[in-house]
There are 2 protein chains.
Amino acid sequence: MSPDGESRAACAARDAADPLAPLRDQFVLPDGVVYLDGNSLGPLPRATADHVRDLIEHEWGNGLIRSWNTAGWMDAPQRVGDMIATLIGAAAGEVIVADSTSVNLFKVLTAALGYVRGVDARRRVVVSDIGNFPSDLYIASGVAEAAGFELRAVRRVDIESSLDETVAVLLLTQVDYRTGALHDLAGVTAKAHRHGVLTVWDLAHSAGAIDLDLAAADADFAVGCGYKYLNGGPGAPAFVWVNRRLVDSVDQPLHGWIGHADPFAFSSAYSAAGGIAGFQCGTPAVLSLAALECGVATVVAAAPFGGMAALRAKSIRLSELFLRLVAPVCDGFGLEVISPADPRLRGSQVSLTHPTRGYEIVQALIDRGVIGDFRAPDVLRFGFTPLYTREVDVWDAVEHLRVVLHDELWRDSRWAERGAVT
Amino acid sequence: MSPDGESRAACAARDAADPLAPLRDQFVLPDGVVYLDGNSLGPLPRATADHVRDLIEHEWGNGLIRSWNTAGWMDAPQRVGDMIATLIGAAAGEVIVADSTSVNLFKVLTAALGYVRGVDARRRVVVSDIGNFPSDLYIASGVAEAAGFELRAVRRVDIESSLDETVAVLLLTQVDYRTGALHDLAGVTAKAHRHGVLTVWDLAHSAGAIDLDLAAADADFAVGCGYKYLNGGPGAPAFVWVNRRLVDSVDQPLHGWIGHADPFAFSSAYSAAGGIAGFQCGTPAVLSLAALECGVATVVAAAPFGGMAALRAKSIRLSELFLRLVAPVCDGFGLEVISPADPRLRGSQVSLTHPTRGYEIVQALIDRGVIGDFRAPDVLRFGFTPLYTREVDVWDAVEHLRVVLHDELWRDSRWAERGAVT
């Protein structure tokens with residue numbers, strides 16, 4: 001029993017009563033593993049291996065080229081996009097699966113800047129968070145420079161005060177990949193719009209974890225990742241959403257045949273497909289889309305149990321439990337929580353920091369079957385994915401951390417030399 | 001026996017003596033099917049289903065996030081790129097697998113124009129073939145317009161005379177997707193270079209079918225497709241090659257974290273990885289890469305039998321046989337060959353045309369198990385992929401065409417109304 005009266009038995013009892021508990025059976029989870037890294041790579045859905053094998057053996061092997069038409073391959077980007085739409089507050093036909101998150105960000109950011117240039121040439125700045133995921137900053141820097149805009153990456157606390165009539169676009173990742181800090185998507189979008197600023201949201205750490213309503217927020221553009229909370233497998237294709245009021249007024253720069261209004265007319269001139277279909281470029285990645293479809297289905301399966309709102313509530317319960325349990329265990333070891341304490345300001349992960357030994361601690365936990373991850377220079381990340389994480393998993397993870405800190409590393413001479421408060 | 005003394009038995013005898021014949025066993029080919037569409041979608045390699053299943057179940061399912069390091073996922077783009085390099089006359093480390101052909105074309109064309117702008121600002125034109133694959137023209141048009149260049153898409157016969165000191169880049173697909181007409185890659189590159197023009201080659205219908213030597217030709221940039229002659233599966237990732245003398249002097253515009261010199265340092269500033277690694281952008285598509293690796297391996301497997309030169313020689317034998325057999329069958333039905341008669345000017349496909357009924361003829365052949373394809377408005381394509389196509393397949397395909405033309409369609413009243421010479 002922990003100091004505040006928690007116990008593993010109490011966790012197990014609450015797990016047994018959890019209406020979302022059966023959703024865990026959708027996944028293959030190795031014995032002896034507590035998987036707290038679904039925020040980086042979702043685990044394997046039970047349906048995926050057979051589904052992909054069936055596609056390979058029957059649709060590709062037997063159907064060959066005919067399956068482009070007979071097996072729905074060409075429709076997969078829109079079909080899976082429609083499934084994702086139900087998770088992020090978008091309508092059918094508004095989301096398409098294509099390319100990678102970074103490539104999609106290139107498309108929407110270029111499209112957004114081209115649009116702004118046409119309506120208000122005084123706006124020459126892209127604002128982002130200096131702590132944004134680096135790939136987003138790389139893409140934004142390249143796009144801004146090529147388009148003659150300035151990328152202004154500011155501290156998180158300075159974002160709102162940076163919005164004015166010189167700003168074209170605010171680019172943010174809703175959940176910070178290191179700290180788990182969560183932006184209020186609707187609130188920030190409203191503030192941006194009051195300054196005439198368009199919003200581009202990266203939902204990489206949100207889709208499948210946070211209850212989102214892009215329509216209610218009236219956001220402008222969004223991209224997101226298929227292999228984190230959507231469980232699509234390593235390097236799964238990404239998705240892109242554009243607000244209906246903008247989608248036919250903007251031009252994404254990757255003019256490929258699959259984004260053409262009539263690809264099989266083989267016209268030599270480009271004419272973009274209407275709506276989000278025009279945000280495609282090359283041939284759909286059929287095998288990867290099949291795995292992603294299985295992954296997204298595991299999240300859609302929560303709909304009868306309350307959907308994303310219920311998943312979000314469970315995610316908060318899990319991370320609050322972790323925070324309660326972990327505080328006394330970390331005490332005196334120089335390990336500190338860097339995620340926001342208020343669950344309304346936190347995504348589905350809790351991050352700790354240690355000034356020197358974060359990597360070792362994460363490795364020691366992995367050796368004990370507790371899989372989180374380390375992000376340089378000093379962040380230990382633990383994701384609490386509500387589809388398959390149980391309260392007993394949280395309990396066990398903290399107990400393993402206790403052993404790592406109090407027994408294993410404490411006995412390590414280098415650790416002892418530094419003492420507990422480095 | 002055909003008019004010129006050919007017979008199915010003679011074809012079968014030559015097949016039995018073909019040293020490349022065992023390579024066919026690498027594929028799952030459905031019974032009763034003559035597959036002549038490997039130029040559009042390669043068939044299923046026997047190894048793929050198990051390899052992908054193993055990756056899904058063990059590397060993803062059990063290894064989870066750890067497999068990024070332990071299972072070689074992060075190295076896959078370079079590992080498969082190195083395999084492709086052996087097929088196209090490139091060196092190890094010069095080819096990377098990433099994204100789609102169209103996205104890669106966007107990268108290299110933007111990189112090429114940026115480079116030319118820096119060294120010779122008078123060059124403002126991109127020359128291409130008006131008959132190039134439409135997606136290439138769409139990408140080129142978009143890139144040229146954004147960069148302030150002019151895309152000049154000319155007739156094939158006018159390409160060489162269009163090269164002068166105003167031209168920055170010549171963009172060509174080596175094998176025409178409709179006619180199968182083949183550019184002499186080395187010869188055209190040399191002519192372009194004499195005018196100071198950089199070459200961008202799309203090898204979509206070449207890689208795995210034509211014996212290529214990019215190094216000997218001293219070409220500048222190349223992209224290619226994974227799902228045609230490389231048998232990587234529907235929507236497989238594509239590849240990109242840049243000449244060593246240029247690769248570190250050009251900047252591709254899709255600055256994503258996987259193209260960074262040190263992705264896991266999570267630096268907020270982009271610094272491109274040296275060499276071809278910098279032409280990556282987002283997270284590698286691991287599942288699709290696994291299938292592509294199996295597909296490329298089927299072509300690499302020809303190395304002990306003479307490699308691409310032997311495959312090319314067999315491809316020519318097959319298409320020459322088809323041309324000899326098909327001529328008397330087509331005679332009087334308005335079906336004509338539009339592929340070059342000289343095999344040195346032809347890729348691994350033979351195309352026919354019919355002014356009005358091409359689609360019906362292709363459909364009738366597919367109904368009989370002979371799978372070619374139709375490209376609007378009037379082209380019937382038949383690919384002769386030397387890895388798995390036999391002379392008896394060519395014979396059987398022509399016999400089916402004979403039945404379709406002489407018996408099935410001839411009895412069709414609409415066909416009869418038009419007569420045989422429409």
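Arg344(B) counts as exposed, at 65% relative accessibility. In this predicted model, its side chain meets that of Asp342(B) in a salt bridge, 2.8 Å from N to O. Asp342(B) is partly exposed, with a relative accessible area of 24%. Elsewhere, salt bridges that share partners join Glu6(A), Arg14(A), Arg324(A) and Glu391(A) into one network.

**Salt bridges**

Over all chains, a search of the whole structure finds 54 salt bridges. Side chains of opposite charge can pair when their charged atoms come close.

| Pair | N to O distance |
|---|---|
| Arg244(A) and Glu94(A) | 2.6 Å |
| Glu320(A) and Arg346(A) | 2.9 Å |
| Asp342(B) and Arg344(B) | 2.8 Å |

The salt bridge between Arg244(A) and Glu94(A) links distant parts of the chain: Arg244(A) belongs to helix H9 (residues 244-247) of chain A, Glu94(A) to the loop between H4 and S4 of chain A, and the two are 150 residues apart. Arg244(A) counts as exposed at 55% relative accessibility, whereas Glu94(A) is buried, with a relative accessible area of 9%.

Glu320(A) forms a salt bridge with Arg346(A). Glu320(A) lies in helix H11 (residues 307-330) of chain A and Arg346(A) in the loop between strand S11 (336-337) and S12 of chain A, so the pair ties together parts that are 26 residues apart in sequence. Glu320(A) is partly exposed at 27% relative accessibility; Arg346(A) is buried, at 0%.

**Helix H11 in chain B**

In chain B, helix H11 (residues 307-330) has 24 residues, which at 1.5 Å a residue should span 34 Å; its end C-alpha atoms are 34 Å apart, so the two values agree. Just after H11(B), Gly332(B) takes a positive phi of about 90°.

**The seven-stranded sheet of chain A**

Seven strands of chain A form an open sheet with mixed pairing, in the order S4-S10-S9-S8-S7-S5-S6. Its edge strands, S4 (95-97) and S6 (150-154) of chain A, each pair on one side only. On average, neighbouring strands of this sheet are turned by 20° against each other, direction ignored. Within the sheet, S8 (residues 198-202) and S9 (residues 221-224) of chain A run parallel and are joined by three bridges, with Val200(A) opposite Phe221(A). Helix H4 (residues 76-88) of chain A packs on the sheet, where it touches S4 and strand S10 (239-242) of chain A; the direction of H4 makes about 130° with that of S4(A).

Asp213(A) is found in the loop between S8 and helix H8 (214-217) of chain A. Asp213(A) is partly exposed, with a relative accessible area of 41%. Leaving aside residues up to four places away in sequence, Asp213(A) touches Ile88(A) and Gly89(A).

**Strand S15 of chain A**

Strand S15 (residues 379-383) of chain A is mostly covered, with five of its five residues buried. In a regular strand the side chains alternate between the two faces of the sheet. Val379(A), Arg381(A) and Gly383(A) point one way from S15(A), and Leu380(A) and Phe382(A) the other way.

S15(A) runs antiparallel to S12 (residues 349-353) of chain A, joined by five bridges, and Val350(A) stands opposite Phe382(A). S14 (residues 373-375) of chain A is also antiparallel to S15(A), with three bridges; there Arg375(A) has Val379(A) as its bridge partner. A hairpin through three residues joins S14(A) to S15(A).

**The two copies**

The same surface serves both copies, as 100% of the contact residues of chain A recur in chain B.

Methods:
Residues are numbered from 1 along each chain as its sequence is written. Chains are lettered from A and ligands numbered from 1 in the order in which they are written. This is a predicted model: local features need pLDDT of at least 70, side-chain atom pairs count only at pLDDT 80 or more; totals for chains, interfaces and linings use all residues. Side-chain values use heavy atoms; hydrogens and water are left out. Helices (H or I, at least four residues) and strands (E, at least two) are DSSP runs, numbered from the N terminus. The expected span of a helix is 1.5 Å times one less than its number of residues. Two strands pair if DSSP finds at least two bridges between them. Axes are lines fitted to C-alpha atoms, for helices over the stretch in contact, and angles run from 0 to 180 degrees between N-to-C directions. Contact means heavy atoms within 4.5 Å. Buried means under 20% relative accessible area, exposed over 50%, partly exposed in between (1.4 Å probe, protein chains only). A salt bridge is a side-chain nitrogen of Lys or Arg within 4 Å of a carboxyl oxygen of Asp or Glu.
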